[in-house]
Amino acid sequence: MPVRFAVCSLLLCWLVPVLLTGTACGQPLADTVFTWRGYALEARAQVQVYPAPPDDERRDRTVVVRELAENRGPSTMDDVRYLADRIGRTFRIDPARVYWIIHWGAFSHPGGRGSKELFLRVTFRRSESGRLSSPYWRAVTKTDVRELTDRRYRFSVPDRSTDTGDVDMTPASDARR
């Protein structure tokens, strides 16, 4: 009887929770299209939030920001500090404790084709006054991105025909520009 109890305990307390959470482990924590007001135009980018690598104590999250062909406003690279601040506020994460990945590819250009991609890792620090520093840029590979997202990164571009999950980041009181 004690052996049967031990096996049942093992299944209920260890194996079942692992199996139930296993399907969610390969997913980003959030995957949405952000919009923000830049200059006089609305800008949009796909944003995916992932956990940072478990052995990295300096960063809590990795956020992949994809430049979309539908973006008519400033590029994600032009607004990276502002975008990092707004995404940080939305998801309640400190932008200085995040690996920011700016991702460009064929999906970034109307009618774009091909498989060439550019991944830029961006990091920030906090100044003594608490403001975000200028961004630090570094080109990285897709393999690096997979490692920075705790191996959860999967390439997907939102289907704009069914997308209704835009996060509007332009409150009426936003007088940025």
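1. Let's start with a term: a residue is buried when its relative accessible area is under 20%, exposed when over 50%, and partly exposed in between (1.4 Å probe, protein chains only). In helix 2, Val-80, Tyr-82, Leu-83, Ala-84, Arg-86, Ile-87 and Gly-88 are buried. Helices here are DSSP runs of H or I with at least four residues, strands are runs of E with at least two, and both are numbered from the N terminus.

2. A word on the model. It is predicted, with local features needing pLDDT of at least 70 and side-chain atom pairs pLDDT 80 or more, while totals for chains, interfaces and linings use all residues. Residues count from 1 along each chain as its sequence is written, and side-chain values use heavy atoms, without hydrogens or water.

3. What covers the buried part of helix 2? The cover includes strands 1, 2, 3, 4, 5 and 6. Just after the helix, Arg-92 has a positive phi of about 55 degrees.

4. Follow Trp-100 next. Beyond its neighbours within four places in sequence, its contacts (heavy atoms within 4.5 Å) include Val-63, Ala-84, Ile-87, Pro-95 and Phe-124.
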